[in-house]
Amino acid sequence: MRVEVYSDGACRGNPGPGGWAATLQYGDHFRELSGAEAATTNNRMELMAVISALEALTRPMSVLVHTDSEYVRRGITEWLASWKARDWRTADKKPVKNRDLWERLDAAASRHEVEWRWVKGHSGVPGNERVDQLANAAIDALRDGRVVG
């Protein structure tokens, strides 16, 4: 059995206020996580959603991550090894954006056996729709001065 994760990030303006959310399901156990930041980018929120889900797991697990972010999926499965080999530089020798979060995601993912699956956003996939709602609700809560998470 494995943990099934859905993750999403949202931003109103880019940069602007942003929110992230993740759901974790393991058998009959289900958990929702979310948070927000006042000034951020959509890519940072997409990363925070996955990081938060993986860091919430208290022991090494088999995990299936569903994300609508090609940036996250391709970054972790295709680009990360090259960035690290080039001392956190892109192919055109520029510093990797969001390095702090990529390092955190790399550490969190290395504790688990993770399969990364891309899903089309806003296409009616229930898990993806739920995390989109939660991420946007986190932005609303931040705007309204309510506690999120």
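Student: What should I know before I start?

Tutor: This is a predicted model, where local features need pLDDT of at least 70, side-chain atom pairs count only at pLDDT 80 or more, and totals for chains, interfaces and linings use all residues. Residues are numbered from 1 along each chain as its sequence is written, and side-chain values use heavy atoms, with hydrogens and water left out.

Student: At what angle do the axes of helix α2 and helix α3 cross?

Tutor: Helices (H or I, at least four residues) and strands (E, at least two) are DSSP runs, numbered from the N terminus. Axes are lines fitted to C-alpha atoms, for helices over the stretch in contact, with angles from 0 to 180 degrees between N-to-C directions. Here α2 spans residues 70–85 and α3 spans residues 99–110. Their axes cross at roughly 95 degrees and come within 11 Å. The two helices are therefore roughly perpendicular (65 to 115 degrees; under 35 is roughly parallel, over 145 roughly antiparallel, the rest oblique).

Student: Which residues of α2 and α3 meet?

Tutor: Contact means heavy atoms within 4.5 Å. From α2 come Y71, V72, G75, I76, L80, W83 and K84; from α3 come W102, L105 and D106. By class, this contact has seven nonpolar, one polar and two charged residues. Nonpolar covers Ala, Val, Leu, Ile, Met, Phe, Trp, Tyr, Cys and Pro; charged covers Asp, Glu, Lys and Arg; the others, Gly among them, are polar.

Student: How many aromatic pairs does the structure hold?

Tutor: Rings of Phe, Tyr and Trp (its six-membered ring) pair if their centres lie within 6.5 Å; planes under 30 degrees apart are stacked, over 60 edge-to-face, the rest tilted. The structure holds three such pairs. One of them, W79 with W83, is tilted, at 5.9 Å centre to centre and 45 degrees between the planes. Both residues sit in α2, four residues apart, about one turn of the helix.

Student: Is W83 buried or exposed?

Tutor: Buried means under 20% relative accessible area, exposed over 50%, partly exposed in between (1.4 Å probe, protein chains only). W83 has 8%, so it counts as buried. W79, at 27%, is partly exposed. W83 also pairs with W102: the centres are 5.2 Å apart and the planes at 65 degrees, so this pair is edge-to-face. W83 lies in α2 and W102 in α3, so the pair ties together parts 19 residues apart in sequence. Y71, W79, W83 and W102 form one aromatic cluster.

Student: Where is L57 found?

Tutor: L57 is in the loop between α1 and β4. At 12%, L57 counts as buried. Its C-alpha atom is 9.2 Å from that of L24, 33 residues apart along the chain.

Student: Where is T23 placed?

Tutor: T23 is in strand β2, residues 16–26. T23 is buried, at 4%. Beyond four places in sequence, its contacts include E4, F30 and R130.
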